[in-house]
Amino acid sequence: MKKLITGDEAVARGAWEAGVKLAAAYPGTPSTEILENLSAFPEVISEWSSNEKVALETAIGASLAGGRAISSMKHVGLNVAADPLFTVSYTGSNAGLVVVVADEPGMFSSQNEQDSRNYAKAAKLPMLEPADSGECLEMTKYAFELSERYDTPVLLRMTTRVCHSKSVVELGERSEKPLAEYKRQGGKYVCVPAVSRKLRVKKEEQFAALAELSESTPLNFAVYNEGSTGVIVSGGCFHYAREVFGESVSYLKLGLTNPLPKKLVSDFCNKMDKVYIIEENDPYLEDFVKTLGIKPIGKDSFPYTGEMTPDVIRKAVFGESLPGVSYDKSKVAPRPPALCSGCPHRGFFYELGRRKDVMVTGDIGCYTLGASAPFNALDAVICMGASLSMGHGAAKLLDREGSNLKVVSLLGDSTFFHTGINSLLNSAYNGGSAVNVILDNRITGMTGHQENPGSGYTVNGESAYAVNIEDVARAFGIKHVRTVDPNNLAEVKAVLDEFIPLDEPSVIITRWPCALKKFSAEDKSEFPGAFTEKYAVDQSKCIGCKLCMKAGCPSLSFDTGKWRAVIDRSGCLGCGVCSQLCPKDAIGKENA
Amino acid sequence: MMSVKSVLLVGVGGQGTILASKLLTLGLLEAGYDVKMSEIHGMSQRGGSVSSQVRYGESVCSPVIELGGADMLVSFELMEALRWLEYLKPGGKVVVNDFKIPSMPVITGAAVYPDDILPTLKKAADVTCIDAAGIAEELGSARVMNIVLLGTIVKAMGLEHIDWERIIRGNVKPAFADLNVKALAAGMAAV
């Protein structure tokens with residue numbers, strides 16, 4: 001059966017067809033939908049893990065116990081999982097083990113643009129790079145075979161466009177695999193130095209065999225056309241290059257990109273007068289080709305950053321884009337993402353942004369938008385969980401030096417469970433005065449509402465214990481812990497006033513659901529009436545002072561003709577933050 | 001061999017471009033075309049500028065449309081048409097929804113929402129401006145605005161031979177199927 005599906009759906013389908021028994025992941029754009037789609041297959045144990053390291057280790061355990069297992073994550077997630085990755089590369093797998101990593105050239109929803117192909121090289125893992133959904137499905141299935149045949153985890157490397165583009169695939173059936181026999185094999189799985197030294201040598205032997213495979217696998221193939229110009233390409237860039245060059249060049253399309261095929265590449269290049277290497281981000285293929293004494297056209301002509309879409313290739317090779325229509329684009333106003341109407345982070349950021357005597361360390365999630373106008377409330381964002389530990393380091397130093405600057409650190413509930421929980425434990429242990437804020441919107445928001453250890457449900461919708469963050473903080477020994485309603489500005493201000501001057505660690509939990517969340521039964525009883533009301537501006541009371549604009553709400557705008565604030569009734573969700581900013585009581589509930 | 005056609009749907013996160021492009025691709029696939037589609041999920045959906053790119057023909061290479069490569073630009077929001085117009089081919093068709101959503105820099109006063117968008121668009125390309133929200137509301141719900149706009153694509157790209165009613169009925173909740181079918185017809189009539 002033919003179907004139009006995304007690369008993420010195709011990986012999920014491929015894993016299912018390959019008989020995968022367990023899948024574990026932490027949500028992260030653009031990889032999230034892999035696990036979401038796998039969770040729809042009842043034959044597969046699917047889990048949202050608390051972070052990527054835990055996800056990979058869960059998959060390693062399942063592979064060790066004899067079932068095919070897959071773990072998927074975004075590129076920065078692989079950094080978190082790098083520790084087990086480098087050593088499981090030595091032990092190999094019992095049943096097939098596949099690690100999927102999704103890079104983000106162009107950084108649509110990420111804090112960096114790392115090229116995870118370097119991980120394959122550094123951790124000595126065979127790597128497959130699919131170009132479209134069809135290859136996602138086939139390569140995922142093949143990755144499990146490869147993993148078992150060579151006794152190694154396999155890295156499947158995707159990029160945003162491969163993950164989120166749809167193309168036509170041919171669906172197959174699931175082939176059920178019996179459990180591989182489990183045997184205690186200390187010499188293979190117990191990585192003490194004496195064992196690892198042997199495994200390290202074995203890894204090199206394995207890679208020599210994989211290098212031979214790379215020369216002969218149908219995943220690495222040449223397409224010869226007229227002329228003497230060649231293009232060496234992998235992943236989604238293959239289709240971009242075909243779009244621009246068509247049949248005017250020959251292609252060496254590489255699907256197994258670690259280890260790379262020396263002879264195949266040399267033979268291809270020897271037939272060409274000119275060779276382009278088209279790849280996003282790092283010169284991964286280019287550096288290899290250069291080791292063979294070949295001088296290709298690569299990063300000297302093509303950019304290091306962003307996507308290598310057809311217009312970028314065309315511009316680099318031919319010096320111009322396709323002809324377009326000419327017009328003046330200068331007046332287009334920017335449209336960056338913004339906190340949604342009704343977002344529970346709004347009230348907290350309004351109050352925090354007003355304070356000028358604090359350093360604020362932020363984190364990865366929707367609340368990163370607190371850095372933008374009108375809140376301008378963040379000083380630094382690095383990676384998942386870093387807010388609390390960066391804040392801890394800053395506070396310790398500032399306190400020691402007698403500075404008046406105080407530190408507030410903030411992250412979301414899911415990010416807290418991901419790695420922030422370790423940071424809070426450290427702050428509790430080592431002391432310091434940072435105020436640790438957990439913006440608990442009852443769900444993993446940015447990636448599209450995945451359950452987490454605090455939400456009360458698993459990926460399959462089964463009930464789970466909803467971890468109480470107050471209990472966690474107290475168990476760590478933190479004495480000052482308070483939960484507040486972030487839509488109540490007076491309450492937010494009071495707790496900040498009280499906690500910021502303390503010389504001990506404190507925890508504030510702002511608890512209100514994401515405005516886009518589908519309420520659970522527990523949400524309905526805890527937050528009755530949430531998001532059901534509408535506010536309106538009494539035009540006769542409004543004096544046009546624009547103070548309410550500081551709420552930064554997409555449903556509140558200023559009519560410069562009438563010089564009055566107006567609320568878009570269809571967008572308002574009744575959080576009431578704007579009404580608390582009005583000095584004239586001009587904003588109130590409808591029908592009040 | 002039929003040349004590859006490219007339709008670019010743009011708007012603001014939350015406007016329903018994803019459903020419209022999904023239905024479009026399902027119809028194209030049924031009609032026997034090779035189809036590729038690309039969209040960006042994640043942070044940009046939070047009120048940011050969004051696009052869905054649909055390409056179809058006998059054999060499609062790239063899932064993304066390049067600058068100057070779109071046969072049709074359908075903008076769910078007025079200013080977004082101006083932002084994405086550089087993707088239109090000379091001679092391409094633009095349908096723009098007469099619907100303004102101020103962006104956050106406009107709301108905070110850091111930027112101005114341009115007041116001469118339509119004249120600028122019309123000077124550069126073949127533009128039809130429709131009140132898709134008004135049409136949708138008249139039919140019964142502003143929420144089918146995206147299907148009205150899908151109707152304009154069906155008409156402008158000459159895709160009337162595809163059984164869209166069946167596609168819609170198979171992919172939206174039964175209670176809203178009639179409304180969506182009407183919205184598609186209204187969109188087709190509007191261009």
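Guide: Across all chains, a search of the whole structure finds zero disulfides, a disulfide being a pair of cysteine sulfur atoms within 2.5 Å. The model is predicted, so local features need pLDDT of at least 70 and side-chain atom pairs count only at pLDDT 80 or more, while totals for chains, interfaces and linings use all residues; side-chain values use heavy atoms, without hydrogens and water. Residues are numbered from 1 along each chain as its sequence is written, with chains lettered from A and ligands numbered from 1 in the order in which they are written.

For A:Cys514, the closest cysteine sulfur belongs to A:Cys366 and lies 6.5 Å away, too far for a bond. A:Cys514 is buried, at 11% relative accessible area (buried is under 20%, exposed over 50%, partly exposed in between, with a 1.4 Å probe and protein chains only). A:Cys578 is in no disulfide either, with the sulfur of A:Cys575 the nearest at 6.2 Å; A:Cys578 is also buried, with 11% relative accessible area.

Now the sheet. Eight strands form it, open and of mixed pairing, in the order E1(A)-E8(A)-E2(B)-E3(B)-E1(B)-E4(B)-E5(B)-E6(B). Strands (E, at least two residues) and helices (H or I, at least four) are DSSP runs numbered from the N terminus, and two strands pair if DSSP finds at least two bridges between them. E1 (2-6) of chain A and E6 (126-130) of chain B each have a single partner strand, so one side of each lacks a neighbour in the sheet. Within chain B, E4 (residues 70-75) and E5 (residues 88-97) run parallel, joined by five bridges; B:Met72 has B:Lys93 of E5(B) as its bridge partner.
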